[in-house]
Amino acid sequence: MHRVDPTPGPATGREICWFNVFFLVSVHVSAAWGAFYWRPFHMVSTASLVMGFLVFNLSGFGCIGYHRLYSHRAFKAKFAVRVVLAALGSAAFQRSIKYWCLLHRLHHRFADDPIHDPHDPTKSFFYAHIGWSFFKPNCERIHLVDHEDLDNDPIVRYQDKYYAVPLAASFGFVVPTLLGMMWGDPAGAFVWGGLVTKIAVWHATFLVNSLAHWRGLQPYSDDNSSRANLFVALLSWGEGCHNFHAFPHDWRSAPDNWNWDPTKWIIFVLYRLGLVKGLRTARDQDLKEALEYMHFKKKHGVAPAQEDASWTGETWDTPRALEYIKSKPGTCVVVIDDYFVDVTEYLGEHPGGAAVLRRYSVRPQQDHVEASWAFDGGLNNHSRSARKRMKEFRTALCSRS
């Protein structure tokens, strides 16, 4: 048994990505020129404006696929549903599913980290909102993010390969223009269903990274700067209920029925229709404990005392741990903070995927890397709730003799 920090992958640095700068600026300028001079709304058919509104919302609901389905594996969807979600996400022009998910998973692992968070909100509001996209991301630890599930999905592979021109351009600009030809207003449809819609979807999404980390409520956690912001939620199809950052695997952005989260309602309808399954939720006891913890902290100005009595259980050496593992085929035991932790029943719930836990597991006839480095910030800046949950699975104290 030994402690080893995985070798970090190459960093891309903070070079300016001139293609992104040119593309983002060009679309903004073109949308402004089109909406104010070429085809202002009073010169555009009502059908084109209605279509633009629908495209805005349909593109935004692509977050069902990009965010909750693929990034956090919050549920499973049938092939046809995944195809539709991939098409809607393509229309939003926010890169491919794989690229988006990897950066988002990295953000969750290192939220507010000035080095490893791709759009770290501690730098500035502008940087978190859109400034980060002008630079090549620092992906020094991107190789630590699990992507096997993305690589194994044929829809993700196809969309990643043909994203730019065939898919994004077609769904984002060509389709709205062709629809506009049906009522004799292709130019108006291109401006309001293509250009203006892109700007609106971008900034609605960007507000989750910026404003929802700067202003709002923190009912569940203050481990990072994520907040619940009703204004952002109204613009981003419920994603502004962002303090649920503490429970990323949940299929909801907020658990209460009265919370504004239309994405959650659509997922529920798809579930009732049998088109999605396996909705993952945070445990009620974890949600209740998080709410009570934050309520106490806000009321008294200090965190409540945490009960962590001295360990009274068994103490094992490595041979004893291997004996335990052999007696239960499929068991996954990791070493965290000098404890053998049996995470077998947590494999399907782990937000980072079961493969990550298996990678650091204690295995017969094989030296292993302790999981303490990964758990304590090397692989993920775990929340207080995650650390509390980990303690429930402690099985024995690890003997160093």
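Biologist: Buried or exposed: which of these is arginine 252, and what is its relative accessible area?

Modeller: The model is predicted: local features need pLDDT of at least 70, side-chain atom pairs count only at pLDDT 80 or more, and totals for chains, interfaces and linings use all residues. Residues are numbered from 1 along each chain as its sequence is written, and side-chain values use heavy atoms, with hydrogens and water left out. Buried means under 20% relative accessible area, exposed over 50%, and partly exposed in between (1.4 Å probe, protein chains only). Arginine 252 is buried, with a relative accessible area of 15%.

Biologist: With which residue does arginine 252 form a salt bridge?

Modeller: A salt bridge requires a side-chain nitrogen of Lys or Arg within 4 Å of a carboxyl oxygen of Asp or Glu. For arginine 252, the closest N and O atoms of the pair are 2.8 Å apart.

Biologist: How many residues apart in sequence are the parts tied together by aspartate 261 and arginine 68?

Modeller: The side chains of aspartate 261 and arginine 68 meet in a salt bridge of 2.9 Å, N to O. Aspartate 261 lies in the loop between α11 and α12 (262-272) and arginine 68 in helix α3, so the pair ties together parts separated in sequence by 193 residues.

Biologist: Buried or exposed: which of these are aspartate 261 and arginine 68?

Modeller: Aspartate 261 has 0% relative accessibility. Arginine 68 has a relative accessible area of 3%. Aspartate 261 therefore counts as buried, and arginine 68 is likewise buried.

Biologist: Which residue meets lysine 136 in a salt bridge?

Modeller: The N to O distance of this salt bridge is 3.5 Å. The pair links distant parts of the chain, 121 residues apart: lysine 136 is in the loop between α6 (125-129) and α7 (148-151), and its partner is in the segment before α1 (18-38). The partner is glutamate 15.

Biologist: How many salt bridges does a search of the whole structure find, and which residues are linked in a network of them?

Modeller: The search of the whole structure finds 17 salt bridges. The residues linked in a network of salt bridges are Arg283, Asp286, Glu349, Arg389 and Glu392.

Biologist: Which residues does the UniProt annotation "transmembrane region" cover?

Modeller: The annotation comes from an unreviewed entry; UniProt positions are given in the numbering used here, feature names are shortened, and annotations may be inferred rather than shown by experiment. Over residues 16-38 the chain is 91% helix and 0% strand, with end C-alpha atoms 32 Å apart. Residues 44-66 are 83% helix and 0% strand, and their end C-alpha atoms lie 32 Å apart. The annotation covers residues 16-38, 44-66, 162-183 and 189-208.

Biologist: What distance does helix α2 reach from its first C-alpha to its last?

Modeller: Helices (H or I, at least four residues) and strands (E, at least two) are DSSP runs, numbered from the N terminus. Helix α2 covers residues 46-60 and has 15 residues. The expected span of a helix is 1.5 Å times one less than its number of residues. The computed reach of α2 is close to the expected value, at 21 Å.

Biologist: Against which helices do the buried residues of α2 pack?

Modeller: The buried residues of α2 include Ser48, Met51, Val55 and Phe56. Contact here means heavy atoms within 4.5 Å. The partners are α3 (63-71), α4 (79-91), α9, α10 and α11 (230-235).

Biologist: What is the area of the nonpolar surface patch that includes tryptophan 183?

Modeller: Patches are made of residues with over 30% relative accessible area and no salt bridge, like charges being joined within 9 Å and nonpolar side chains (Val, Leu, Ile, Met, Phe, Trp, Tyr) within 5 Å. Accessible areas come from the Shrake-Rupley method with a 1.4 Å probe, and for residues only the protein chains shown count as cover. Tryptophan 183 lies in the loop between α9 (163-182) and α10 (186-209) and counts as partly exposed at 33%. Together with Phe171, Val175, Leu179 and Met182, Trp183 makes a patch of about 440 Å².

Biologist: What is the phi of tryptophan 237?

Modeller: Most residues other than glycine have a negative phi. Tryptophan 237 is in the loop between α11 and α12 and counts as buried at 5% relative accessibility. Its phi is positive, near 60°.
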